[in-house]
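Here are a few notes to read alongside the model.

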Amino acid sequence: MTDPILTISRATKRYGPVHALDRVDLTVEEGEFLTLLGPSGSGKTTLLSAIAGFAPLSEGRIDLRGRDITSEPPEHRDFGMVFQGYALFPTMTVRDNIAFPLKVRKRPASEIKKRVEYCLGLVQMEDFADRMPSQMSGGQQQRIALARALSFEPQVLLLDEPLSALDKKLRADLQWELKSLHDSLGVTFIYVTHDQDEALSMSDRVVILKDGRIQQQGVPDALYNHPRNRFVADFLGKSNFMDLPVRGREGDALTCAVGDTQFPVEAPGAEVRGDVLNLALRPERIRLGAPGEEMLDGTIRQVSYLGERCLVMVDHDVIGPLLISQATWKEGVTPRAGLPVSFGWDSDACVVMEAEPA
Amino acid sequence: MKTSGFRIFFMTGAWMVLAFLLLPILVVIPVSLTDTSYIGLPKESLSLQHYVAYFQDPRWLSATWTSIWIGLVVAVCATALGTAFAIGCWFLSNRASTIARWILITPILVPPVVQSLGFYRFWVTLGLIDTHVGVILAHTLLALPYVSISVFAALANLDPRIPQAARSLGASVWQTVRSVVLPAAMPGMVTGGIFAFIVSFDEIVGVLFITVRNVSTLPKKIWEGIQENIDPTIASVATMLVLLTLVATAVVIWRGREGAK
């Protein structure tokens, strides 16, 4: 493994009494697609601004390939940046926008011309070179902003919610393009978003932030399947939460109980404190069956049809309402409100939540 | 539409206000064409003699020229200073800059006589009484708020992330200001510069306080013309200024329409 390109240690940013960042430690590997994910106010944008050099840290340091850049001004950091509002220079043509970082670096004119053409090609916007930004749609402007940020071959590309101003379909298309651009160029991407789908679909690694602290980081499927705490389980996708008593324990295998029904929970490495467990259960991991077919019995309260799947709310005496997501093409019970059903799950479906730090 | 008594009342009122605003301006036109040698309406025929008198009198011409070049210097100085101030405040955009903005517009709020008295006291100490530099300095101060307000208005549309983008792309603060912020501020600078020129060209109270014989601007000359001899040349100068204003306004409106197309 090579050395990390960026090392952030104990980064703290205070605005008065508020900690926008609270002792954040993070390393970024060369060439990876790292996403900072969190709700608004989680500190993700502050962290990106600190990396870019726009928000000086109150404490902590940032190293770029072992060089301390904590107090370096933004223009010396050599990071391209793409913004939510595109931030194209309104008085310059597309060509001049993309040439800007190269002109500032005093590259020879012939090289600038070649490089601009190449970057326009990267984002498939060759025909737009002489347009003004105001003559283009949001998606087109964002492609130009991307070409501009890549034109000087930056060390790292920082993206601040670049797709959130675009409509849903365009957003999906650009996600694919961003990902393939990343894979073909090999540039390190640091991407900020509040959109979990964006984070999961593009990233090599996702860092989830809340209140200026990192909650959990990892590859997308590990985060989705093994959320550490309630916040992560709830923020990434949907989860049902249950507080259930522990009835037995053998190594990593626990036995929990819902009323009189006992069931096994595989919880490798989980810390079990006390005799009540907080479990998270994904809606799509719950099987629905005819009464008596599965582990527990309940009644359907509500059904919401979403096309490829439908969401079913099932009432149970002990656990209360439970959200179940079922593929609509699946054979078996056709859910409708008021229908008595049974439901159950595999032993690896439940994830034990860490107690929330007080 | 119903013609109620209410409507007639308000229409009459509106036309009367309009007449009240316009008539004093329009009355100078017949007066300027008078064939008499004093200020009054034409007696027997129309005459352009007072226009001829203006163009033949070196004192009128020199006063006009003085007003024009002082106005231009003021426009340049006020635009440079006001733009720098507005850009600085825009970058800071904190509490201190808001307070600074309020302080800068005080020249608009303070009564001109009070302001001029202040100029007089200070200029005596500084030895600037009756000098062109003194007038330029005073007028620049008076014109500054107009420039900074119009540049602020122009920068209000500039996304604060645009200068950030320029910085992240490798431009220093100075390069960012030159290549991104100044072009955005340009419309405001042009408007502010024109305003500054007009403020200076039009200003009389300050000039009366801080000049004696050495400096004579057009408004001061008109004022003296009324005080000393009741010369209809004043009316011809006034008419030319009114026409010039009308032409300039028409050009601005026409350009605005063309631009909107």
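1. Contact here means heavy atoms within 4.5 Å. On that basis, chain A puts in 22 residues and chain B 17 residues. This is a predicted model, where local features need pLDDT of at least 70, side-chain atom pairs count only at pLDDT 80 or more, and totals for chains, interfaces and linings use all residues. Residues are numbered from 1 along each chain as its sequence is written, chains are lettered from A in the order in which they are written, and side-chain values use heavy atoms, with hydrogens and water left out.

2. About 1600 Å² is buried between chain A and chain B, with carbon and sulfur atoms giving 66%. (Buried area is the accessible area, 1.4 Å probe, that two parts lose on being put together, summed over both.)

3. There is 1 salt bridge between the two chains: A:Glu75 and B:Arg167, at 2.7 Å, N to O. The cut-off is a side-chain nitrogen of Lys or Arg within 4 Å of a carboxyl oxygen of Asp or Glu.

4. On chain A's side of the contact, β6 (79–82), α2 (94–104) and α4 (138–150) each supply at least two residues. The largest share, 3 residues, is from α2(A). Helices (H or I, at least four residues) and strands (E, at least two) are DSSP runs, numbered from the N terminus.

5. α10(B) bends by about 50° at B:Leu182, and B:Pro183 follows within four residues. The bend is the angle between axes fitted to the seven residues ending there and the seven starting there.
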